[in-house]
Amino acid sequence: MAITAANGALPHLSPNGVKCEDIKRNGCHNKREKNGPGTGIASRQHKQESFEQAPMYVAVMTYLGFGIVTLFGYFRDFLRAVGLEKCNLAQEREEQKDFVPLYQDFENFYNRNLYMRVRDNWNRPVCSLPGPVFDLMERVSDDYNWTFRLTGRTIHNAINMGSYNYLGFAENNADFLKTVADTTQQYGVGVCSTRQEIGTLSIHEELEQLVASFLRVESSMTFGMGFATNSMNIPAIVGKGGLILSDELNHTSLILGARLSGATIRVFKHNTLKGLQRRGGRDGRKVGVNMEGSVVRLAEIVALKKKYKAYLYLDEAHSIGAVGPSGRGVAELFNVNPADVDVMMGTFTKSFGAAGGYIAGKKELVDYLRSYSHSAVYASAMSPPVTEQILRAMKCIMGKDGSTEGIRRIRQLAENTRYFRAKLKEMGFIIYGNDDSPVVPILLYMPGKVVAFAREMLERKIGVVVVGFPATPITEARARFCLSASHTRAMLNQVLRHMNEVGDHLCLKFSRVKYSSCPDLCDETDFELDS
Amino acid sequence: MKTHEMPRGGTDPDVPLLMLSVSCARAHTHTLRGPSTCVICEPARKMIFKSLREYLAWLYYQYLLITGIYVLEPWEKSIFSSILFSAIAMAIYTSYVFVPIHVRLALEFFSGISGVQPESTVALMT
């Protein structure tokens, strides 16, 4: 998003929306954060982040595994081409063979030869709300995952370690949801219009004012879809001729938005300020990572941006509501003035148990976006019950509903995070990321183990999300646990016990560093009885 | 493959433990683990197998996971295993037949430099 030049004001935008007077002086830093809550000690700038490397033989075995399965993939493709095996994929009709190909054969190689074999671990149908425990529908496949069949049975009360439910707002307690039910009665469910036409409801105004006061900025605007908030607004803010400095591990929505904008994009190594500086430091966007669990170094980024007169776009999809002593995100965690961050973006999907996203900042920015953003002009407005859910969640976090429930949840999440991470490290797993991040990626590395892990955990009634290539680097396949404030200590203990057993069964404990919890050197010691 | 009995450590919920919240920066003492405890031997030591058959089944499971053929269909697994097995068998046979001869020749070559020269290599082979 490169917009204006040195004076810092929004440029005068011409109707086609592209402006960038001076390439050299434009840019934004964009950042996406995903972290656990801070400890309230704002001065504790040094965060322990660990990205331990696995032993060499693990990488060798990972490549070996991928290599062997790739060879078999070629073999099966050959059998399909020759006709010895039935092809279950979409193919063009005989009459269309001479046309421009619709289905590219080789591009889908990975999909049909590796993903198809193991895809029973993804897209599992859930038939309850995604709270700390949930119900799954049991499904089996008779032809090695080409087709699935529901058996009719349900797996009840599986522990949910995959949903982004950080503060536990995905709940169906009738008392808590009373306001949401009333709003549905009043406004209905569909808005049937876009924000610009006739879809701006009073409840949207209320939400936007609340978000602005929550983040301590001038003004904000909300959108119905989190992904679209990034991908549709970045082209409105940056145009051709601008420069975007983007973190290597940015989310797809940011990458898409950056590409759509037509600006020049330069990528720098994740979370390294030297890399950022080296990349010209004029404009940039730094984005935290979605899969890693590390924290952005916001204060230093802000200092850099002031030095080079760039703009900062901060994406707080995961950290809003969960990070900071009162849940106000990384700006609060690092004691950075919210006015220093030019564009604050976040989503309501994770900590608020709803859907949608927001962009907040100066009033001129938000007013500009109301007219020029594709999302505001063409996309349907946010649904009223969803809006009310965000309102009630945000009021709970801010304490405006008169109870301390919000603070309690934030603290509970912090406690759960610290406990869970410490225990996993003690067991010997390799965990990435910051010690305060509620997203816990456990490295599994080998493709066979990734699949076996997911299946074993499901048999023990724990639902986990595993990710492999291509969403992660090829040697870093992992399972990603998302902790929640609504997980009780008993649930966590159960998960840890099963993790221990599965870890031994599958030989997943690769860590070569021994952790032991040392009682006397702690700043804050909480004594908890493990019962 | 089901759960095995394991010695209960710090994660046993039945034993009340005094756990300190590890929240401070200096709470952990990091020491490198002892010299090369291989990733297979260590869990094998912790787990208690009821019979040799179970242990062999677990080893086979590890073989499937490490080579990545766990994800393949059974007939593909058989193909890969038979190819691998025949390659290993051929390697063993070749080493059984040829290694002693080569070692003996090498020794005689090197001792021949310092000592007596043999008339010909044909005499050596017979």
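A salt bridge is a side-chain nitrogen of Lys or Arg within 4 Å of a carboxyl oxygen of Asp or Glu. In this predicted model, the count under that rule comes to 30 salt bridges over all chains. One of them is formed by B:Glu76 and A:Arg117, whose closest N and O atoms are 2.8 Å apart. This pair crosses between chains, running from helix H3 (residues 74-114) of chain B to helix H2 (residues 109-118) of chain A. B:Glu76 has 0% relative accessibility and therefore counts as buried, since the limit for that class is under 20%. A:Arg117 is also classed as buried, because its relative accessibility is 10%.

A second salt bridge joins A:Arg455 to A:Asp120, with 3.0 Å between the closest N and O atoms. The pair links distant parts of the chain, 335 residues apart: A:Arg455 belongs to helix H14 (residues 447-459) of chain A, while A:Asp120 lies in the loop between H2 and strand E3 (133-140) of chain A. With a relative accessible area of 24%, A:Arg455 is partly exposed. A:Asp120, at 21% relative accessibility, likewise counts as partly exposed.

A:Arg408 counts as partly exposed because its relative accessibility is 43%. Salt bridges that share partners also join residues from both chains into one network, made up of A:Arg76, A:Asp77, A:Arg80, A:Glu85, A:Arg112, A:Arg117, B:Glu73 and B:Glu76.

Nonpolar side chains were examined next. A:Phe75, A:Phe78, A:Val82, A:Leu84 and B:Trp75 form a nonpolar patch on the surface, and together they have about 520 Å² of accessible area. Helix H1 (residues 56-82) of chain A contributes the largest share of this patch, 3 residues. A:Val82 is found in that helix.

The secondary structure of chain B comprises 4 helices and 2 strands, and along the sequence the pattern is β-β-α-α-α-α. Of the 126 residues in chain B, 27% are buried. Chain B exposes about 8,600 Å², of which carbon and sulfur atoms supply 71%. Among contacts in chain B between residues at least 6 apart in sequence, 35% join residues at least 24 apart. An unreviewed UniProt entry annotates residues 55-72 and 78-99 of chain B as "transmembrane region". In the model, the span 55-72 of chain B is 72% helix and 0% strand, and its end C-alpha atoms lie 23 Å apart. The span 78-99 of chain B is 100% helix and 0% strand, with 30 Å between its end C-alpha atoms.

A:His204 is located in helix H4 (residues 202-215) of chain A and counts as buried because its relative accessibility is 0%. When neighbours within four places in sequence are left aside, A:His204 is in contact with A:Arg195, A:Gly199, A:Ala381, A:Met382 and A:Thr387. A:Cys192 counts as exposed because its relative accessibility is 75%, whereas A:Cys396 is buried, with a relative accessible area of 6%. A disulfide requires a pair of cysteine sulfur atoms within 2.5 Å, and by this rule the count is 0 disulfides over all chains.

Technical notes: Residues numbered from 1 in each chain as written. Chains lettered and ligands numbered in written order. Predicted model: local features only at pLDDT ≥ 70, side-chain atom pairs only at ≥ 80, totals over all residues. Heavy atoms only, no water. Buried < 20%, exposed > 50% of the residue type's maximum accessible area, 1.4 Å probe, protein only. Contact = heavy atoms within 4.5 Å. Areas by Shrake-Rupley, 256 points an atom, 1.4 Å probe, with all protein chains shown as cover. Patch = residues over 30% accessible without salt bridge, like charges linked within 9 Å, V, L, I, M, F, W, Y side chains within 5 Å. UniProt positions renumbered as here; feature names shortened; annotations may be inferred.
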